[in-house]
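Subject: Structure handover and notes

Hello,

Here is the model I promised to pass on. Please open it alongside these notes, which follow below.

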Amino acid sequence: MTCREAESLVIPFIHEELDDGTAAEFLDHIDACDNCREELEIYYTVEAGIRQLSDDMGSSNIKGEMEADIQAARRRIFRGTVLEVARYAADTLAVLGIFAMLILQFRLWWQAGLF
Ligand SMILES: [Zn+2]
């Protein structure tokens, strides 16, 4: 991901509008690129400021909140990946199960002299 792409994803990331794959790429870039991380911090601070004005809920730890949100996004991405792997595994087992049933059925028919 280029810095240009990452910068265009800062606001969608803060608004939690990115799909897991894009968010994962974005976070990887943020980890590796200080400029874009700074960009995220600036926008996050601005967004948090606006939220506080409308909610009247003062928080002095905006950077901490941002880190917490990043952690939450990572957990969400990880859960998504685990679920996907589990789904593939279940699909594979289902196909293998059907295949095994067919083989056993054909064996029964074979033993019954149908072939
Ligand atoms: Zn960058």
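Start with helices α1 and α3, whose axes come within 10 Å and cross at roughly 25°. That makes α1 roughly parallel to α3, since angles under 35 degrees count as roughly parallel, over 145 as roughly antiparallel, 65 to 115 as roughly perpendicular and the rest as oblique. Axes here are lines fitted to C-alpha atoms, for helices over the stretch in contact, and angles run from 0 to 180 degrees between N-to-C directions. Helices are DSSP runs (H or I, at least four residues), numbered from the N terminus.

Before going on, the ground rules. This is a predicted model, in which local features need pLDDT of at least 70 and side-chain atom pairs count only at pLDDT 80 or more, while totals for chains, interfaces and linings use all residues. Residues are numbered from 1 along each chain as its sequence is written, and side-chain values use heavy atoms, with hydrogens and water left out.

**α1 against α3**

The crossing of α1 and α3 is right-handed. A crossing is right-handed if the near helix is turned clockwise from the far one by less than a right angle, and left-handed if anticlockwise. From α1, the residues in contact (heavy atoms within 4.5 Å) are Cys3, Ala6, Glu7, Val10, Ile11, Phe13 and Ile14. They meet Cys36, Glu39, Leu40, Tyr43, Tyr44 and Glu47 of α3. By class, the α1 contact with α3 holds 10 nonpolar, no polar and 3 charged residues. Ala, Val, Leu, Ile, Met, Phe, Trp, Tyr, Cys and Pro count as nonpolar, Asp, Glu, Lys and Arg as charged, and the others, Gly among them, as polar.

**α1 itself**

α1 covers residues 3–14, 12 residues in total. From first C-alpha to last, α1 reaches 17 Å, close to the 16 Å expected at 1.5 Å a residue. The expected span is 1.5 Å times one less than the number of residues. Buried in α1 are Ala6, Leu9, Val10, Pro12, Phe13 and Ile14. Buried means under 20% relative accessible area, exposed over 50%, and partly exposed in between (1.4 Å probe, protein chains only). The buried residues of α1 pack against α2, α3 (34–55) and α4.

Glu16 sits in the loop between α1 and α2. Its phi is near 55°, a positive value in a residue other than glycine. Glu16 counts as exposed, at 54% relative accessibility.

**α1 against α2**

α1 and α2 pack at an angle of about 120°, with axes 10 Å apart. Here α1 passes α2 in a left-handed crossing. Cys3, Ala6, Leu9, Val10 and Phe13 in α1 meet Thr22, Phe26, Leu27 and His29 in α2. The residues of this contact divide into 7 nonpolar, 2 polar and no charged.

His29, in helix α2, deserves a look. At 12% relative accessibility, His29 counts as buried. Not counting residues up to four places away in sequence, His29 touches Met1, Thr2, Cys3, Ala6 and Cys36.

**α2 against α4**

Helix α2 (residues 20–32) and helix α4 (residues 62–111) pack at about 135°, with their axes 10 Å apart. That makes α2 oblique to α4. The crossing of α2 past α4 is left-handed. On the α2 side are Asp20, Ala23, Ala24, Leu27 and Asp31; on the α4 side are Ile70, Ala73, Arg74, Arg76, Ile77 and Gly80. This contact of α2 with α4 has 6 nonpolar, 1 polar and 4 charged residues.

**α4 itself**

At 1.5 Å a residue, the 50 residues of α4 should span 74 Å; its end C-alpha atoms are 73 Å apart, which agrees. Its buried residues are Ile62, Met66, Ile70, Ala73 and Ile77. They pack against α1, α2 and α3. An α-helix has 3.6 residues a turn, so residues three or four places apart point the same way.

Thr81, in α4, is partly exposed, with a relative accessible area of 44%. Thr81 and Gly21 are 60 residues apart in sequence and 9.3 Å apart in space, C-alpha to C-alpha. Trp110, also in α4, counts as exposed at 58% relative accessibility. Trp110 and Gly21 are 89 residues apart in sequence and 49 Å apart in space, C-alpha to C-alpha. Just after α4, Gly113 takes a positive phi of about 80°.

Best regards

Definitions and conventions. Helices (H or I, at least four residues) and strands (E, at least two) are DSSP runs, numbered from the N terminus.
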